[in-house]
Amino acid sequence: MTISPQAGPLDVDKIRADFPILHMEASPGVKLAYLDSGASSQKPLAVIEAMNTYYRSQNANIHRAVYTLGEVATEAYEAARAKVAKFINASKPREIIFTRNATESVNLVAQTWGRANLKEGDLVLLTEMEHHANLVPWQMLAAEKGIRLEFIPVTEEGILDLAALPALLEQKPKLVSFTAMSNVLGTITPAAEIVRLAHEASALAMIDGAQSVPHLPTDVQALDVDFLAFSSHKMLGPTGLGVLYGKLDLLNAMPPFMGGGDMIKRVELRSFTTNEVPQKFEAGTPAIAEVVGLGAAVDYLMAVGMDAVAAYDHELTAYALERLEEVQGLKVFGPGIEHKSSNASFTFEGAHPHDVAEILNRHGVATRAGHHCAMPLHNKFGIPSTTRASFYLYNTKEEIDQLIEALYKVKEIFG
Amino acid sequence: MDDLYREVIIDRYQNPRFRGELDPHDYSYQDDNPVCGDHVRIDLRVDENDTITEAKFSGEGCSISQASADLLVEKITGMKLEDVRQLGKADVLELLGIDLGPVRLKCALLSLKVLKGGVYGLDDVMTLDELAAS
């Protein structure tokens with residue numbers, strides 16, 4: 001997961017034309033600057049229309065339908081699975097499991113692989129910069145089974161302290177689960193290296209890709225990662241849909257997650273046998289229209305090119321860091337631009353992040369204030385919350401200028 | 001800029017009159033707004049007639065949450081507990097002198113929730129959502 005500077009340039013005007021919501025006014029006469037894609041991205045017409053088309057002309061329940069419409073729906077659903085597999089370079093579409101969100105993907109691994117393979121005293125290695133989604137599922141398992149949790153530390157600069165990793169790996173963790181891009185600090189972690197070191201220590205490796213997959217090219221085979229969790233709605237797709245990638249041999253060996261329709265081969269009154277992967281992990285009617293929408297989102301991102309997306313996000317982030325530095329009393333958290341992309345979280349002396357975000361909103365700038373579901377990381381830096389501006393392929397430098405101008409208004413009020 | 005950041009709110013946020021803790025106290029309660037991490041604690045001293053003789057708040061959070069705590073603590077000093085129990089959303093909004101949208105309303109009502117937790121005990125406390133809808 002690296003940023004290739006050779007990527008072809010991205011035509012942001014052409015891209016913006018595809019996103020209807022970006023042309024709305026925040027309030028009468030005030031342009032909207034949507035700087036909260038780290039929380040949820042906007043959707044291009046291609047995604048909205050793919051879901052409309054599905055409901056207008058393809059809607060039926062999938063699998064087991066003999067009639068044509070059911071076949072059309074099943075084909076649309078499975079075609080999207082193949083697109084997602086190609087997007088992250090999985091070797092087979094069967095390695096793509098659809099879930100409700102990245103959170104559910106992590107929970108699935110914790111509740112199936114974790115319950116079956118971890119026993120009291122076993123170690124799961126996480127990092128101090130995890131989102132609650134890659135923290136709480138393991139805490140729940142720790143409470144249930146007595147597994148141990150350890151954490152790769154975060155340095156003052158806001159990167160992972162890899163010097164601490166060898167000693168942690170000597171404790172023989174069974175799994176190393178970590179984010180490839182911090183949702184607060186924007187830190188891009190050395191994912192391939194951590195996976196390699198985990199494997200050398202005979203541990204499995206899981207990546208929380210909720211932030212990295214939308215912003216950086218992802219190749220699960222090159223990474224050799226065992227599990228990858230990510231969300232549709234942060235990568236131009238609809239809400240209510242997440243993805244879990246897993247290596248097929250691992251998925252085959254794991255017990256099922258939820259029980260119900262579709263995940264079974266045979267059911268008797270007191271017993272069942274499970275269906276094959278991926279249906280084994282997709283109990284009940286899935287979010288069919290959303291999966292079709294994600295397929296369109298993946299098509300869109302691949303047409304732009306993930307190298308171009310990564311290079312553009314990085315350029316915007318560099319510009320934002322440079323401009324934020326001009327504002328007196330403002331402190332940006334996280335490493336310098338060489339280790340970072342896609343967001344900037346900051347505090348403003350004398351003004352609470354919630355008030356900052358409120359005033360920014362009054363000037364049309366949509367940002368997020370709070371702990372961004374990473375309370376331990378905020379505690380580490382001794383702050384309860386930050387204001388976060390996050391960037392994506394449709395944002396512009398003019399929007400970052402709008403953010404800076406609005407920050408001067410904060411200064412006028414709280415200065 | 002409308003009047004969300006009225007002078008009184010910025011003033012109370014930057015120069016609170018009733019920030020602190022009381023030790024000993026007769027009542028103390030604290031709570032968080034999980035949405036934004038705001039935290040408020042209120043300590044009360046009460047005389048034999050159930051009148052509040054002294055009150056302080058502590059915590060951290062946005063200007064709305066901290067200013068409303070300062071104003072609310074000022075208002076209840078000298079009040080009888082039974083009258084404090086009658087306080088509601090409208091009283092807090094009157095103290096602030098502004099109307100608030102659904103998100104910031106919860107910032108403003110956190111101190112009321114904490115106060116009610118202190119004087120009623122945990123079991124009867126409304127959630128922030130319930131208070132906001134009250």
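In the predicted model, strand β16 (residues 368–370) of chain A is joined to β17(A) by three bridges, and the two strands run antiparallel. Within this pairing, A:Gly370 stands opposite A:Thr386 of β17(A). Strand β14 (residues 343–348) of chain A is also antiparallel to β17(A), with four bridges between them; here A:Asn343 faces A:Ser390 of β17(A).

Strand β17 (residues 386–390) of chain A is largely enclosed by the rest of the structure, because five of its five residues are buried. In a regular strand, side chains alternate between the two faces of the sheet. Both faces of β17(A) are covered, with A:Thr386, A:Arg388 and A:Ser390 buried on one side and A:Thr387 and A:Ala389 buried on the other.

In chain B, three strands form an open antiparallel sheet in the order β1-β2-β3. The edge positions are taken by β1 (27–33) and β3 (52–60) of chain B, each of which has a single partner strand, so one side of each lacks a neighbour in the sheet. On average, neighbouring strands of this sheet are turned by 15° against each other, direction ignored. Strand β2 (residues 38–46) of chain B runs antiparallel to β3(B) and is connected to it by eight bridges; B:Arg45 is opposite B:Glu54 of β3(B).

Two helices of chain B were examined against these strands. Helix α2 (residues 63–76) of chain B lies across β2 and β3 of chain B and runs at about 175° to β3(B). Helix α5 (residues 102–120) of chain B packs on the sheet and touches β1, β2 and β3 of chain B, its direction making about 145° with that of β1(B).

How values were computed. Residues are numbered from 1 along each chain as its sequence is written. Chains are lettered from A and ligands numbered from 1 in the order in which they are written. This is a predicted model: local features need pLDDT of at least 70, side-chain atom pairs count only at pLDDT 80 or more; totals for chains, interfaces and linings use all residues. A residue is buried if 20 or more other C-beta atoms lie within 10 Å of its own, exposed if 12 or fewer, and partly exposed in between; C-beta atoms are placed from the backbone. Two strands pair if DSSP finds at least two bridges between them. Axes are lines fitted to C-alpha atoms, for helices over the stretch in contact, and angles run from 0 to 180 degrees between N-to-C directions. Two residues are in contact if their C-beta atoms, placed from the backbone, lie within 7 Å.
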